[in-house]
Amino acid sequence: MSLALSTLIYEWRRYLAAVIALAFSGLLILAQVGMFAGIGEAFTATIERSPADIMVLGPKAENLMGGGSGVPRRLMPQVYMHPEVVQVRDLDGDGALWQNFPKDGSKRKREFVNISAIDPYPGSVTLPTDYTEEWRRALIEPYSVAIDSSAQGRLGARLGDKVSLNGKTVRVRAIITGYPNMMSPTVVVSRDTLRMLGMASGAQRVGPLMIKIADPARAEIVRDQLNKSLGTSARAWTRPELAKANADAMFKEQIIGVMLGFSVFLGIIIGTAITSQTLRGAILASIKEFASLRALGVSMPSLRIIVIELAFWVGLAGLAMTAVLVAAVGALAGAAGVPMAFTPDAVTGVSVLLVVIAMGSGLLALGILKKSQPADLLR
């Protein structure tokens with residue numbers, strides 16, 4: 001075990017403030033990133049978790065949430081003509097006014113909800129891969145709906161309750177999990193139920209189109225071939241490609257970019273200020289030990305390396321505490337119905353940032369080593 005790590009372990013109280021500062025700096029950034037990413041995924045969860053290999057959007061669409069996702073209905077048979085395409089379905093949905101029927105005399109709840117239609121049949125390209133067999137069977141029944149567990153309190157409905165959608169009575173037949181939405185709750189229905197409710201789209205523009213191919217490994221090749229045949233009428237995307245575009249679109253929003261930029265700036269300032277001062281104080285408290293090392297022949301460059309290594313270990317300790325805090329915040333958010341998502345890129349970026357802050361703070365604290373004069377031991 002190195003001297004720097006031993007010092008951190010046995011004198012951890014001196015460095016605790018630095019570890020906490022780094023942890024909260026990381027939490028400040030990751031919490032906002034996770035919240036915005038979670039909001040974006042909540043809107044696209046049904047699509048991104050589908051078994052579709054390719055999706056077709058409008059020709060000017062840059063992501064699923066904007067840019068005109070509708071495509072001409074006549075393109076569906078054209079896509080089917082590709083020899084490797086085995087299934088093509090459009091994703092339908094609508095918005096509706098939800099009203100519950102309270103049984104205990106409480107006030108009726110009215111909420112505008114997003115209606116998302118799926119085809120609840122085995123192998124369907126619109127059926128999300130994480131749907132259980134129980135959910136799938138429940139949605140086959142006419143006038144049955146499914147809601148996320150996080151929306152039960154907001155919608156005032158439980159499993160088996162009758163509710164109203166635009167004045168038509170439906171029944172909650174499934175409580176699903178993993179689809180929270182803090183903006184407008186999502187209600188899932190079958191395509192047949194959507195049609196019976198009078199909400200199915202009859203327009204000449206539909207979409208996006210969900211496509212399943214015989215060999216998913218050839219998705220990029222088939223995508224290029226479809227784009228060539230579709231011309232300027234539409235654009236085909238692979239599912240991973242579209243998922244990345246959706247995530248990038250969320251963080252390109254100006255207000256979100258400003259908020260995240262301010263959080264990063266604030267995290268760097270707070271983390272560096274507290275960590276550097278804590279390291280300076282800890283080194284000053286151990287200045288006699290450093291002077292003893294110099295008296296024993298340890299060079300000043302070697303002492304500097306010890307301080308830098310100590311800062312590195314403080315950074316790793318801060319990362320560990322950040323992980324615990326982020327996990328706790330994520331659990332609380334999930335319980336409250338607030339979606340959060342932590343992408344590998346965001347986690348990696350914040351991890352590197354915290355280590356850099358710790359190392360930079362160590363460099364700022366090196367000046368205190370000048371006081372480690374061996375002659376001071378004789379005073």
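Tutor: The axes of helices H2 and H12 are 10 Å apart, and the two helices pack at an angle of about 155°. Please keep in mind that this is a predicted model. In general, a pair of packed helices is described by two quantities, the angle between the axes and the distance between them. Angles over 145 degrees count as roughly antiparallel, and H2 and H12 are therefore roughly antiparallel to each other. Their crossing is right-handed.

We may now turn to the residues that meet there. From H2 come Leu 22, Ser 25, Gly 26, Ile 29, Leu 30 and Val 33. On the side of H12, they meet Ala 346, Val 347, Val 350, Leu 353, Leu 354, Ile 357 and Ala 358. Sorted by class, this contact of H2 with H12 comprises 11 nonpolar residues, 2 polar residues and no charged residues.

In soluble globular proteins, nonpolar side chains tend to be buried together. In this model, the largest nonpolar core has 27 residues, and Tyr 15, Leu 22, Leu 279 and Val 314 touch the most other members. At least two residues of this core are supplied by each of helix H2 (12–48), helix H9 (254–285), helix H11 (300–335) and helix H12 (344–364). H2 gives the most, with 9 residues.

Leu 279 deserves a view of its own. If its neighbours within four places in sequence are left aside, Leu 279 is in contact with Tyr 15, Ala 311, Val 314, Ala 358, Ser 361, Gly 362 and Ala 365.

Most residues other than glycine have a negative phi. Tyr 143, although not a glycine, has a positive phi of about 60°; Tyr 143 is found in the loop between helix H4 (133–140) and strand S6 (144–148). Tyr 143 is partly exposed, with a relative accessible area of 33%. Asn 166, likewise not a glycine, has a positive phi of about 50°. Asn 166 lies in the loop between strand S7 (162–165) and strand S8 (168–176), and at 45% relative accessibility Asn 166 counts as partly exposed.

Key. Residues are numbered from 1 along each chain as its sequence is written. This is a predicted model: local features need pLDDT of at least 70, side-chain atom pairs count only at pLDDT 80 or more; totals for chains, interfaces and linings use all residues. Side-chain values use heavy atoms; hydrogens and water are left out. A nonpolar core is a set of buried Ala, Val, Leu, Ile, Met, Phe, Trp, Tyr and Cys residues joined through side-chain atoms within 4.5 Å. Buried means under 20% relative accessible area, exposed over 50%, partly exposed in between (1.4 Å probe, protein chains only). Helices (H or I, at least four residues) and strands (E, at least two) are DSSP runs, numbered from the N terminus. Contact means heavy atoms within 4.5 Å. Axes are lines fitted to C-alpha atoms, for helices over the stretch in contact, and angles run from 0 to 180 degrees between N-to-C directions. Angles under 35 degrees count as roughly parallel, over 145 as roughly antiparallel, 65 to 115 as roughly perpendicular and the rest as oblique. A crossing is left-handed if the near helix is turned anticlockwise from the far one by less than a right angle, and right-handed if clockwise. Ala, Val, Leu, Ile, Met, Phe, Trp, Tyr, Cys and Pro count as nonpolar, Asp, Glu, Lys and Arg as charged, and the others, Gly among them, as polar.
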